[in-house]
Each structure stands twice: as C-alpha cells, then as structure tokens.
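Reader: I have a model open and I want to learn how to read it. Can we go through it step by step?

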Amino acid sequence: MKTINLRDYYPFYKSDFFIEVADEIALSLKRFELNDSAYRLRTYRHKAYYSLDRNDGIEHEIVFISLSPQEIYERRITNNELYAAINSLPEKQAKRIYAYFFLGMSKAAIAKAEGVRESAVRESIERGLKNIEKFLKNFL
C-alpha cells in the first residue's frame, strides 16, 4: 500500500488529503502523470495548442485553405512551366528528377533501381536542376 496526496491529482482539493491505495493504482496514477506531462511538452515543442479532432471545424479551416481565383491561376501556370521545363530535359534526367522530387525516392534507391552509382544519380539530378533553371530563365 502506498500513501498518495489527492491534492496532487485533483485540482478542486485546496488542502492536503492523504489516502492509502494499492500499489497498482499508485503506479497507474504515476504513469498517467508522466504521460500527461510528456503530452504537454510535445504540444509546447510543436506549438500544437489545439486539437484537430474536436469536431468544431478547426481542422476544416486549417486543412482546406481557400485560394483566390488568381492564386489558382498562378499555380496552374507555374505547374505548366515546371512540367514544360522537366519535359525539355533528357529522358534520364527527367526520370531521376521526377522520382526524387515527386515520388520521394532517395538517390540511393534510384541508383539501385537503375543499377548505377549513387554519385551518377546525384550529378544527373544536379545537372537537371541547372537545366531547369536555365529553361525557366529563358521562358520568362
């Protein structure tokens, strides 16, 4: 049996109130306290001061940002320019850039899939990005 102070666990107790509880209950209360403090620390570090599962519309407003028609048009034009720049690249560079940036593959995974060295993939992606930059400067 362990003696605990209920004031530590219940905020409405204004003075100390000690009771004896079983060891399992004391351990459960201690675990809850540790988990709660870890949760508070995570919310502080990640600046997550509200919950997205409250069903009060916060998550809808955060996730679904409404764009103006001008922003939608600018994004479409930018995407078209980007795809045109990627299409102007040699086939290998285009495939490697697409796999790395759009599919999220690592350079090592691309190299393994193609059966080449990772340095070759890295250099190819760098050259491709330089070519895209040149294309976009000439396009504008």
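Reader: Let me start with one residue. Which residues does Leu 129 touch, not counting residues up to four places away in sequence?

Author: Keep in mind that this is a predicted model. Leu 129 touches Ile 97 and Phe 101, once residues up to four places away in sequence are set aside. Leu 129 has its place in helix α6. In sequence, Leu 129 and Ile 97 are 32 residues apart. In space, their C-alpha atoms are 8.0 Å apart.

Reader: Is Leu 129 buried, exposed or partly exposed?

Author: Look at the relative accessible area. For Leu 129 the value is 38%, so Leu 129 is partly exposed. Now take Ser 124, which also has a place in helix α6. Ser 124 has 2% relative accessibility and therefore counts as buried. The cut-off for buried is under 20%.

Reader: Which residues is Ser 124 in contact with, leaving aside its neighbours within four places in sequence?

Author: Gln 93 and Arg 96. For an exposed case, turn to Asn 87. Asn 87 is found in helix α3. With a relative accessible area of 66%, Asn 87 is exposed. The C-alpha atoms of Asn 87 and Ile 132 are separated by 9.5 Å. Along the chain those two are 45 residues apart.

Reader: Let me step back. How many helices and strands does the chain have?

Author: Six helices and two strands. Read along the sequence, the pattern is β-β-α-α-α-α-α-α. The chain has 140 residues, and 16% of them count as buried.

Reader: What share of the contacts with a separation of 6 or more comes from residues 24 or more positions apart?

Author: Those residues account for 35% of such contacts in the chain.

Reader: Now the helix pairs. How are two packed helices described?

Author: Use the angle between their axes and the distance between the axes.

Reader: Which residues make the contact of α4 with α6?

Author: From α4 come Gln 93, Arg 96, Ile 97, Tyr 100 and Phe 101. From α6 come Ala 120, Val 121, Ser 124, Ile 125, Arg 127, Gly 128, Leu 129, Asn 131 and Ile 132. By class, the residues of this contact divide into eight nonpolar, four polar and two charged.

Reader: What about α5 and α6: at roughly what angle do their axes cross?

Author: Helix α5 covers residues 107–114 and helix α6 covers residues 118–139. Their axes come within 8 Å and cross at roughly 115°. So α5 and α6 are roughly perpendicular to each other. The crossing of α5 past α6 is right-handed. Lys 107, Ala 108, Ile 110 and Ala 111 in α5 meet Glu 118, Val 121, Arg 122 and Ile 125 in α6. This contact of α5 with α6 has five nonpolar, no polar and three charged residues.

Reader: Can you pick one residue from that meeting?

Author: Take Ala 111. Leaving aside neighbours within four places in sequence, Ala 111 is in contact with Val 116, Arg 117, Glu 118 and Val 121.

Reader: One pair is left for me. Are α4 and α5 oblique or roughly perpendicular to each other?

Author: The axes of α4 and α5 come within 10 Å and cross at roughly 140°. They are therefore oblique to each other. The crossing is right-handed. Arg 96, Ala 99 and Tyr 100 of α4 make the contact with Lys 107, Ile 110 and Glu 114 of α5. By class, the contact of α4 with α5 has three nonpolar, no polar and three charged residues.

Reader: Last topic: the core. Where do nonpolar side chains tend to be in soluble globular proteins?

Author: They tend to be buried together. Here the largest nonpolar core has eleven residues in all. They are Ala 85, Ile 86, Leu 89, Ala 94, Ile 97, Ala 99, Ile 110, Ala 111, Val 121, Ile 125 and Ile 132.

Reader: Which helices each supply at least two residues of this core?

Author: α3 (69–87), α4 (91–102), α5 and α6.

How values were computed
Residues are numbered from 1 along each chain as its sequence is written. This is a predicted model: local features need pLDDT of at least 70, side-chain atom pairs count only at pLDDT 80 or more; totals for chains, interfaces and linings use all residues. Side-chain values use heavy atoms; hydrogens and water are left out. Axes are lines fitted to C-alpha atoms, for helices over the stretch in contact, and angles run from 0 to 180 degrees between N-to-C directions. Helices (H or I, at least four residues) and strands (E, at least two) are DSSP runs, numbered from the N terminus. Angles under 35 degrees count as roughly parallel, over 145 as roughly antiparallel, 65 to 115 as roughly perpendicular and the rest as oblique. A crossing is left-handed if the near helix is turned anticlockwise from the far one by less than a right angle, and right-handed if clockwise. Contact means heavy atoms within 4.5 Å. Ala, Val, Leu, Ile, Met, Phe, Trp, Tyr, Cys and Pro count as nonpolar, Asp, Glu, Lys and Arg as charged, and the others, Gly among them, as polar. A nonpolar core is a set of buried Ala, Val, Leu, Ile, Met, Phe, Trp, Tyr and Cys residues joined through side-chain atoms within 4.5 Å. Buried means under 20% relative accessible area, exposed over 50%, partly exposed in between (1.4 Å probe, protein chains only).
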